[in-house]
Amino acid sequence: MRPVIHVKEVHYPESDGKPMGETDEHREAMIRHIQILQEYYKGQRVYVSGDLLVYYEQGNPRKYVVPDAFVVKGITPKRRRVYKTWVERKGLDVVIETTSRKTKRKDMVEKPELYARLGVKEYFLFDPDQEYLDPPLQGYRLSEGQYAEIAPDPGGGLTSQELGLRLCVEEGVLQFYRMDTGERLLTPAERADREAQARQAAEAELARLRAELANRPPV
């Protein structure tokens, strides 16, 4: 008679019970970063998410981290309830943390040490309040198992080799620019607003030309 093998089922919670952002500003910034990167990678095998529990040790539900925004290249961008590195067979490539008074120590000390161990290639910190980080945007690139600071360009921007983007702070907002075209990335809502403004401008110009023609004296 064969022995009975008992398999213990491990439960991986889908929430850590903490709010998504410390303030409305932090939450909106986090969501905006995720939406911009999702739009940028639309149609590609790239998964973009944030405020999602990332488990990194099989069988141990206590070993997790919750990045504000992250990018994983080379996997299907389907919806996930949690992210398990051993299931996906892929670690995170880029993480962007939106720091605050409460999260500053964790973002500056604890998470970088963990992300380096997990092989996260690039790690960015952004302070929307511009009170807790100086400068408010900082970036680090993994080199031989440790993070080296990404030197800012003359305009204070940081280049992400993994994303092919230039990150910079403009009027307190983190912006993303394509390195190949210089185009600023937008959320779907921002793009729709820009297109609406362009249509209004075109309609106003057409109305002006029609009025000009109507008021032109006959030849």
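How many aromatic pairs does the structure hold, counting rings of Phe, Tyr and Trp (its six-membered ring) whose centres lie within 6.5 Å? The count comes to nine aromatic pairs. Tyr12, Tyr55, Tyr64 and Trp86 form one aromatic cluster. The model is predicted, so local features need pLDDT of at least 70 and side-chain atom pairs pLDDT 80 or more, whereas totals for chains, interfaces and linings use all residues. Residues are numbered from 1 along each chain as its sequence is written, and side-chain values use heavy atoms, without hydrogens and water.

On pairing, which requires at least two DSSP bridges, β6 and β7 run parallel and are joined by five bridges; Ile96 stands opposite Phe124. With β8 (residues 137-143), β7 pairs in the antiparallel sense, again over five bridges, and Phe126 has Leu137 as its bridge partner.

Ile96 also belongs to the largest nonpolar core, a set of buried Ala, Val, Leu, Ile, Met, Phe, Trp, Tyr and Cys residues joined through side-chain atoms within 4.5 Å. This core has 22 residues, and Ile96 is among those touching the most other members, as are Leu37 and Phe176.

Methods. Buried < 20%, exposed > 50% of the residue type's maximum accessible area, 1.4 Å probe, protein only. Phe/Tyr/Trp six-rings, centres within 6.5 Å; stacked < 30°, edge-to-face > 60°. Helix = DSSP H or I, 4+ residues; strand = E, 2+ residues; numbered from the N terminus.
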